[in-house]
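User: I'm new to this one and would like a walk through it. Can you take my questions one at a time?

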Amino acid sequence: GKGIAVFTSGGDSQGMNAAVRAVVRMGIYLGCKVYFIKEGYQGMVDGGENMVEANWSSVSCIIHKGGTIIGSARCQDFRERQGRLKAAKNLVDRGITNLVVIGGDGSLTGADLFRQEWSSLLDELLAMKQINAEQRQKYRSLHIAGMVGSIDNDFCGTDMTIGTDSALHRIIEAIDAIVCTAYSHQRTFIMEVMGRHCGYLALVAAGASEADYVFIPEDPAPLDWQVKMCKKLSQERNSGQRLNIIIVSEGATDRNGQPITAEQVKKVIVDNLNQDTRVTVLGHVQRGGSPSAFDRILGCRMGAEAVMALMEADDNTEPCVVTLDGNQAIRLPLMECVKKTKAVADAMHSKNFELAVELRGKS
Ligand code: ATP
C-alpha cells in the first residue's frame, strides 16, 4: 500500500480532528500505511517520534474535540531548503510519498514548494548517499492534497473552511449570553470578533444575532461613521429597544484606513449618547469548544476526498485542494486557489476593497 502522512499546520480550528480521522481511516481502509506528522512542518523536519504510524483506533474519540490532537505549529526550518531536505529524508525513510496538509494558505504554499523541489531534494540526498538509487526511483514523485482549516473563511475556492461554522456558534452563544444581561440593564455591548482580512464571521454573526451595527474590513466605514452609528443606536432605543449590540471585526477600518477598535466605538457612544456601554473581546474563545456537526461532517468528507485524490494521482498529477462547492467536496488546483486568496489579501492590504470583494465573489 501507499504511504500517506497527515499533518495540521498554522492556526488550529475546530473540525481538524474530523479531517485527520477521515484521512487515517480512509487510508487504512484502502490498504495504505498512514502516518501522523505531529506539530506541523516541524515534526516533518525533526522526524523521530513526531512521525508515527497511525492505526484505526488512534483516531477514536477525537471527532468531538476542538483544535488538533496531532498539534500544529509555525516552523521556520521548513522555510529553508536545509529544513526541507531533512523533511524529504524523513519521508523517504518511511516510504511516504503522499501528504495531506490541513492548514491555511501559508501551509499550502509550503507544500507546493516542497513538491516542486522534491526531485532536486532527492538528487541531493542521493549525492549525499542518504538514500539509494532504488529509493530515488521508487519515491520519485510526491503527491499533495490540501484542506483548509481556518475559522476566518478566508480561502478562495471553497464555500466554507473547516472551523468557520463552529467559530460562528461560539460567537452566537456569547452574544446570546450577553443579550440577556444587556437587556436587564439597558446596556450597549460591543463585541470584537476575529477576522483580520475577512469580515465573514462578523457579518454573519451580526445577521444571526440582530446586531444593530457591524464593522468589517471589506466595507470601510464612512468617515462620519460616528454620526451614522449614533443615529441608528438612538433610533433603536427610542423605538423601545432596551439594548444595542455592535460587532467589530478586528481588521475593521474607516475609509481612510484608520483602524476602528471596540474601545473607540465605546468612547463614541459614551461621549455622544451617554449609554452604559461595555466591550467584550471574544479572542481565542472563538477557536475553542466542540466542533459543530457541520464542521465534523465537512472534515470527514474532505478528508475522505483528499485520500481518494492521492489514490488516483500519477506522476503528472498536480497538487489539489479539497474544497466545498455547494454541497459537494471537490478538488481544485491548489496553487490557483492560493494565488486567488493572495490576490484578495493584497487588494485588502492596498485598501482596494472593491477589488477584494470582486475577487472573492468570483471565487
Ligand atoms: P493561518 O491562516 O492560520 O495563518 P497558514 O497556514 O497560512 O495558517 P502560516 O504561518 O502562513 O500559516 O504557515 C504555516 C507554516 O507553513 C509556516 O510556519 C511554514 O513552516 C510553512 N510555510 C508557509 N509559507 C511557506 C513558504 N513560502 N515556504 C515554505 N514553507 C512555508
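User: How many bridges join strand E7 to E10?
Analyst: Strand E7 covers residues 188–193 and runs parallel to E10. Strands here are DSSP runs of E with at least two residues, helices are runs of H or I with at least four, and both are numbered from the N terminus. Two strands pair if DSSP finds at least two bridges between them. For E7 and E10, the number of bridges is five.

User: Before we go on, what kind of model is this?
Analyst: Residues are numbered from 1 along each chain as its sequence is written. Local features need pLDDT of at least 70, side-chain atom pairs count only at pLDDT 80 or more, and totals for chains, interfaces and linings use all residues, since the model is predicted.

User: Which strands stand at the edges of the open sheet?
Analyst: The sheet has four strands in the order E8-E9-E7-E10, with parallel pairing. Two of them have a single partner strand each, so one side of each is left without a neighbour in the sheet. Those are E8 (213–215) and E10 (277–281).

User: At what angle does H9 run to E10?
Analyst: H9 lies across E7, E9 and E10. Angles run from 0 to 180 degrees between N-to-C directions, with axes fitted to C-alpha atoms, for helices over the stretch in contact. Against E10, H9 runs at about 170 degrees.

User: At what angle do the axes of H8 and H9 cross?
Analyst: H8 spans residues 225–238 and H9 residues 262–273, and their axes come within 10 Å. The contact (C-beta atoms, placed from the backbone, within 7 Å) includes Met229 and Cys230 of H8 and Val268 and Asn272 of H9. The axes cross at roughly 65 degrees.

User: Is asparagine 272 buried or exposed, or in between?
Analyst: Asparagine 272 lies in helix H9. A residue is buried if 20 or more other C-beta atoms, placed from the backbone, lie within 10 Å of its own, exposed if 12 or fewer, and partly exposed in between. Asparagine 272 has 15 such atoms, so the label is partly exposed.

User: How far apart in space are asparagine 272 and cysteine 230?
Analyst: In sequence, the two are 42 residues apart. In space, C-alpha to C-alpha, the distance is 7.3 Å.

Note on methods
Contact = placed C-beta atoms within 7 Å.
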